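Please open the model in your viewer and keep the selection panel at hand.

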Amino acid sequence: METNDPLEHSELTFLLGMSFQLVLSEFVSRLDAAGYADLRPMHGLVFQVLHGSGATSSELAEELGVTKQAAGQIIDDLEKRGYVERRPHPAGGRRKLVVLTAEALEHLAVAGRILYELEAQLTKQLHEVGLQVPRAELAAVIRTLTGDSIPPLRPVW
């Protein structure tokens with residue numbers, strides 16, 4: 001079904017980037033409205049890495065693809081805001097384990113709910129015009145480019 005929509009003739013990277021920006025912008029707006037205007041998308045990536053057993057600042061830097069200094073600055077900032085805390089590493093030594101606080105876990109629960117609601121809204125709106133969220137297609141693009149390994153989501157903004 002050919003249309004006159006110029007977006008249908010745009011480069012794939014443009015379409016993927018624009019879609020990402022628009023969905024992320026809407027998600028951030030809803031998070032801001034829910035009381036989390038102090039957090040940015042980068043913080044969400046940090047929370048995803050730390051969720052569970054936590055990580056050292058070096059491990060966080062590696063996962064995010066940033067310098068150790070940048071990871072340390074992010075951790076310092078989030079610690080001041082009460083979202084993370086440093087604990088002695090279980091293996092001992094001078095290393096510290098960075099873990100999420102209850103406040104960060106609450107944020108993740110709210111963010112998860114908001115993301116679920118946003119995806120449900122998009123799914124409904126696309127369904128009304130005979131389309132679906134291209135989850136399988138996007139997963140196939142990722143698998144085609146990476147095989148069995150799934151790369152970490154890194155900040156690109």
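Contact here means heavy atoms within 4.5 Å. With that cut-off in mind, select V46 in this predicted model: leaving aside residues up to four places away in sequence, V46 touches L60, L64, I74 and L78.

In soluble globular proteins, nonpolar side chains tend to be buried together.

How do their axes cross? The axes of α3 and α4 come within 8 Å and cross at roughly 110°, which means that α3 is roughly perpendicular to α4. The crossing of α3 past α4 is right-handed. To inspect the contact, select S57, S58, L60 and A61 on α3 together with K68, A71 and I75 on α4. By class, this contact of α3 with α4 has four nonpolar, two polar and one charged residues.

Finally, return to the whole chain. Six helices and two strands form its secondary structure, in the sequence order α-α-α-α-β-β-α-α. The C-alpha trace spans about 65 × 35 × 20 Å along its principal axes. Of the 157 residues in the chain, 24% are buried. Among contacts with a separation of 6 or more, 51% join residues 24 or more positions apart.

Key:
Residues are numbered from 1 along each chain as its sequence is written. This is a predicted model: local features need pLDDT of at least 70, side-chain atom pairs count only at pLDDT 80 or more; totals for chains, interfaces and linings use all residues. Side-chain values use heavy atoms; hydrogens and water are left out. Axes are lines fitted to C-alpha atoms, for helices over the stretch in contact, and angles run from 0 to 180 degrees between N-to-C directions. Helices (H or I, at least four residues) and strands (E, at least two) are DSSP runs, numbered from the N terminus. Angles under 35 degrees count as roughly parallel, over 145 as roughly antiparallel, 65 to 115 as roughly perpendicular and the rest as oblique. A crossing is left-handed if the near helix is turned anticlockwise from the far one by less than a right angle, and right-handed if clockwise. Ala, Val, Leu, Ile, Met, Phe, Trp, Tyr, Cys and Pro count as nonpolar, Asp, Glu, Lys and Arg as charged, and the others, Gly among them, as polar. Buried means under 20% relative accessible area, exposed over 50%, partly exposed in between (1.4 Å probe, protein chains only).
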